[in-house]
Amino acid sequence: MTAVHVTPEQVWTALAAVPDPEIPVVSITGMGMVRDVTVEGGRVAVTFTPTFSGCPALHVIRDSIGEAVRALGVEDVEVKSTLTPPWTSDWIQEDARERLRQYGIAPPAPAGDTPLITLDPEPTRCPRCGSLNVRMTASFGPTLCKRLYVCESCREPFEGFKSV
Amino acid sequence: MTGSGQQSAVSYQQEALTPQFQTALIRKLTALADDEIILAHRDGEWTGHAPILEEDIALANIAQDELGHAGLYLELRRELDGSDPDRLAFFRDADGFTNVRLVELPKGDWAFTMLRQYLFDAYEALWLDAARASTYAPLAEVAAKALREEKFHLQHTSLWVERLALGTDESHRRTQNALNELWPFAAQLFQSVQDEEKLVEAGILPDLTGVRARWEALVVPHLTQKCGLTLPDTPADAAAGRDMHTEHLAPLLSEMQSVARAVPNAEVW
């Protein structure tokens, strides 16, 4: 077996091109899902963390990571998942937040150390006109990570990322 | 690192569990998973039938989360005994399931579904909150993960209970009926499995008495003061254990398991 030598930076760059299967305008690194990359000789190990435990896209993400690393010529790829620390929407990077907004999804408000019971949803800004005068129309959306809103200023319905 | 709870100085790794601890923990993990699987199936029965599209979607989301949690628990069990989560979910009969009777009752009307989910979500959120401090690190990790999802359920279902209880005479009547029927069943959520107390002593599992006190402090004022409902004067039905089921579980399983059993060797469904 011929071991192709790659650097962790090359692997990170390759992973930055792997789209989130449900929101393809952002990458899995932009979403903060890739936790660790290690390179030992010709062997690459990638650790990622799921956003939601019931997310049906998990196996797609796992396969895409393997494919992206193998596309660099690496044959020995291990993809691991970890739950600790649990993923938070605070890890979504700035440029990914901007891309979410342009795509029409309100980026999540800071989650911090979220209290157990919050009956009031976090403040959300309309991704089109920037108004905070919005109304949540459904606390669950088409995917586990989003909720539905309507903007009272520009009248547009939109999706908002959950603050987790 | 946020929200990981306070970790005890002692921490158990898988290999440090005594055989007795292992057996009891497997029993508990299975019970936790079974509650989630059966409740998720009941929620899923609303898919295509919920009162409005948004709620159809919401309940499907909630069911998906609960199945995700069942998956987490059964992965922990797999680490202990090598069991296959899919085999456990789809190839056990009713007498092998250890879910509480609360979750297997037919889905009823919308008030019944929302109130059951609310009672369960409040229990689950508080149990997970306490389990974040488990001395068994893999369980503490799972609890920290699942709690972040569960809070959305509680937010949603507590609002629905309020909306229905304070809505029209008809919606109030239905919510009160649901409470009368469900309240006695809820007590079983706080019933230990065999040898659970040994795991509580070791800090591996939360003490259910404490969880129950926090649960009552949360749901009783909400149901009575905020929603204007009356708690039924019925005794708690926790006499029989998790091996006793109503006549409703077997038909549920026969539907839930039919595809897996028809094609047991399928790799992709």
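Predicted model: local features only at pLDDT ≥ 70, side-chain atom pairs only at ≥ 80, totals over all residues.
## Chain A

Chain A contains 3 helices and 7 strands. Along the sequence they run α-β-β-α-β-α-β-β-β-β.

The C-alpha atoms of chain A occupy a box of roughly 60 × 30 × 25 Å along the principal axes.

## Interface of chains A and B

Chain A brings 34 residues to the contact, and chain B brings 32 residues. The buried area between the two chains is about 2800 Å². Carbon and sulfur atoms account for 61% of that area. On the side of chain A that touches chain B, 17 residues are nonpolar, 13 are polar and 4 are charged.

Specific pairs were also counted. Between chain A and chain B, 9 residue pairs are in polar contact, with both residues at pLDDT 80 or more.

## Salt bridges

Over all chains, the whole structure holds 21 salt bridges. Side chains of opposite charge can pair when their charged atoms come close.

One example is in chain A. The side chains of Arg101(A) and Glu98(A) form a salt bridge, with an N to O distance of 2.8 Å. Both residues belong to helix α3 of chain A, residues 94-103. Arg101(A) and Glu98(A) are 3 residues apart, about one turn of the helix.

## Largest pocket

Rolling a probe the size of a water molecule over the atoms shows where empty space is left. The largest pocket has a volume of about 1700 Å³. Its lining is made of 50 residues. Nearest the centre of the pocket lie Leu67(B), Gly71(B), Glu75(B), Pro85(B) and Asp86(B). By class, the lining splits into 28 nonpolar, 11 polar and 11 charged residues.

From chain A comes α2 (58-70), with at least two residues. From chain B, each of α1 (19-44), α2 (53-81), α3 (85-90), α6 (137-165), α10 (249-256) and α11 (258-262) also supplies at least two residues. The most comes from α2(B), which gives 12 residues to the lining.

How values were computed. Residues numbered from 1 in each chain as written. Chains lettered and ligands numbered in written order. Heavy atoms only, no water. 1 Å grid on protein atoms, 1.4 Å probe; cavity = no way out; pocket = protein on both sides within 12 Å on 5 of 7 lines; lining within 4 Å. Points joined across faces, edges and corners; volume = space filled by probe spheres on them. Helix = DSSP H or I, 4+ residues; strand = E, 2+ residues; numbered from the N terminus. Nonpolar A, V, L, I, M, F, W, Y, C, P; charged D, E, K, R; others polar. Contact = heavy atoms within 4.5 Å. Buried area = accessible area lost by both parts, 1.4 Å probe. Polar contact = N/O pair within 3.5 Å; in protein donor to acceptor, adjacent residues only side chain to side chain. Salt bridge = Lys/Arg side-chain N within 4 Å of Asp/Glu carboxyl O.
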